[in-house]
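Good morning, and thank you for making time for this presentation.

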Amino acid sequence: MRRKAEEIGINMTPMIDVVFQLIIFFITTIDLQNKDMDIRLQMALAPHGKPVEAKDPRTIHVDVDAQGRISILNQRLTLAVLRTYLKKAVAEYGQNLPVVIRGDIRTQHDAIRAVMDVCAEAGLYTVRFGAIKEAARPGGG
Amino acid sequence: MARERKRPDLSPADLPMTPMIDVVFQLLIYFLVTIRPIDVFTHLEVARPSPEAQRERLEVPKNLLRINIFKEGFALLDRPVSYEELDRQLTRAAELDKKQSVLIMVSSYSEHAQLIQVLDLCAKLGLTNLSVISTN
């Protein structure tokens, strides 16, 4: 009886530690896609828009802040660099490459237009505008 | 002798942990599988006609709804309208034909939020044939 209890006594703690680490790792990395955006952007609300369904890994998110500065993956770009970047992307992935423009609500249309023009130059005639579907509702109201 | 000394130390750990850990893992797996993040983001798709197509399109204004966005407000077919009025008019148009072409002409000085507002309205009414043109 006593011997049996000793045989079962494998040290489970390290294994459980490792499993918890793995779980925490997967939970935190599962939604990294939305973390690549400029956090200072205040995006407009579009409660009726369709939710983003199939997430295409090729999608390019172009952020335009309130001052009209352009960035991709938090990396500030000039229009010329954006043009080169998009042309290269189109050459690699084709013209149905999804482009999402995420503009701040205060951005003047001029800046958005410049980005759309660059997209059109690269052969991307369909663009998408990113917006927020559901605002954080304080107090669940 | 050594065993005799060890036993009192072990006794508090005699509680069987394995079933509890099993249950915790089951719960974790259940929540990981069933969790569905809220759809926070939305994408509003528009066509950006190339300059050549733009000219053609402007020449053939057949069944075309033209919405202007200015810094000061909106206009539908050159008539200034409030957002609520635009909503009403577009609802009526969408009831007739959802495939109807909508041309959104955006002034350079308007704010991006206004464009999103109009695109959201179109998404609500199911109008999908949208084009965005920038004006000065």
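Which residues in α3(A) meet which residues in α4(A)? I begin with that question and then widen the view. Please keep in mind throughout that this is a predicted model.

On the α3(A) side, the residues are A:Leu79, A:Leu82, A:Arg83 and A:Leu86. They meet A:Ala114, A:Val118, A:Cys119 and A:Glu121 in α4(A). Sorted by class, this contact has six nonpolar residues, two charged residues and no polar ones. As for the geometry, helix α3 of chain A covers residues 79-93 and helix α4 of chain A covers residues 109-121, and their axes come within 9 Å of each other. The two axes cross at roughly 35°, and the crossing of α3(A) and α4(A) is right-handed.

Let me stay with helix α3 of chain A for one further residue, A:Ala89, which is found there. Setting aside its neighbours within four places in sequence, A:Ala89 is in contact with A:Ile60 and A:Leu97. A:Ala89 also lies 8.9 Å from A:Ala122, C-alpha to C-alpha, although 33 residues separate the two in sequence.

Strand β1 of chain A runs over residues 60-64, and five of its five residues are buried, so the strand is largely enclosed by the rest of the structure. From β1(A), A:Ile60, A:Val62 and A:Val64 point one way, while A:His61 and A:Asp63 point the other way.

Which strands does β1(A) pair with? One is strand β4 of chain A, residues 99-103, which runs parallel to β1(A) and is joined to it by five bridges. Within that pairing, A:Ile60 has A:Val99 as its bridge partner in β4(A). Another is strand β2 of chain A, residues 70-72, which runs antiparallel to β1(A) and is joined to it by two bridges. Here A:Val64 stands opposite A:Ile70 in β2(A). The hairpin of β1(A) and β2(A) has five residues between the strands, and in it A:Gly68 takes a positive phi near 85°.

I now turn to each chain as a whole. Chain A contains four helices and five strands, and from the N terminus on its elements run α-α-β-β-β-α-β-α-β. Of its 141 residues, 25% count as buried. Among the contacts in chain A between residues at least 6 apart in sequence, 81% join residues at least 24 apart.

Chain B has five helices and six strands, arranged along the sequence as α-α-β-α-β-β-β-α-β-α-β. Buried residues make up 22% of the 136 residues in chain B. Among its contacts between residues at least 6 apart in sequence, 78% join residues at least 24 apart.

How do the two chains meet? The contact takes 37 residues from chain A and 31 residues from chain B. On the chain B side, α2 (18-34), β1 (41-47), β5 (101-107) and α5 (112-125) each supply at least two residues. The largest share of that side, eight residues, comes from α5(B). By class, the side of chain B that touches chain A has 17 nonpolar, eight polar and six charged residues.

Strand pairing also links the chains. Strand β5 of chain A, residues 126-132, runs antiparallel to β1(B), and seven bridges join the two. In this pairing, A:Ile132 has B:Phe41 in β1(B) as its bridge partner.

Finally, a word on confidence. The predictor gives the complex an ipTM of 0.71 and a pTM of 0.71. Chain B averages a pLDDT of 79, and 79% of its residues score at least 70. Where in chain B is confidence lowest, and where is it highest? It is lowest in helix α1 of chain B, residues 2-10, at a mean of 52, and highest in α5(B), at 89.

Thank you for your attention.

Methods: Residues numbered from 1 in each chain as written. Chains lettered and ligands numbered in written order. Predicted model: local features only at pLDDT ≥ 70, side-chain atom pairs only at ≥ 80, totals over all residues. Contact = placed C-beta atoms within 7 Å. Nonpolar A, V, L, I, M, F, W, Y, C, P; charged D, E, K, R; others polar. Pairing = 2+ DSSP bridges. Axes fitted to C-alpha atoms, helices over the stretch in contact; angles between N-to-C directions. Left-handed = near helix turned anticlockwise from the far one by under 90°. Buried ≥ 20, exposed ≤ 12 C-beta atoms within 10 Å, placed from the backbone. pLDDT = per-residue confidence, 0-100.
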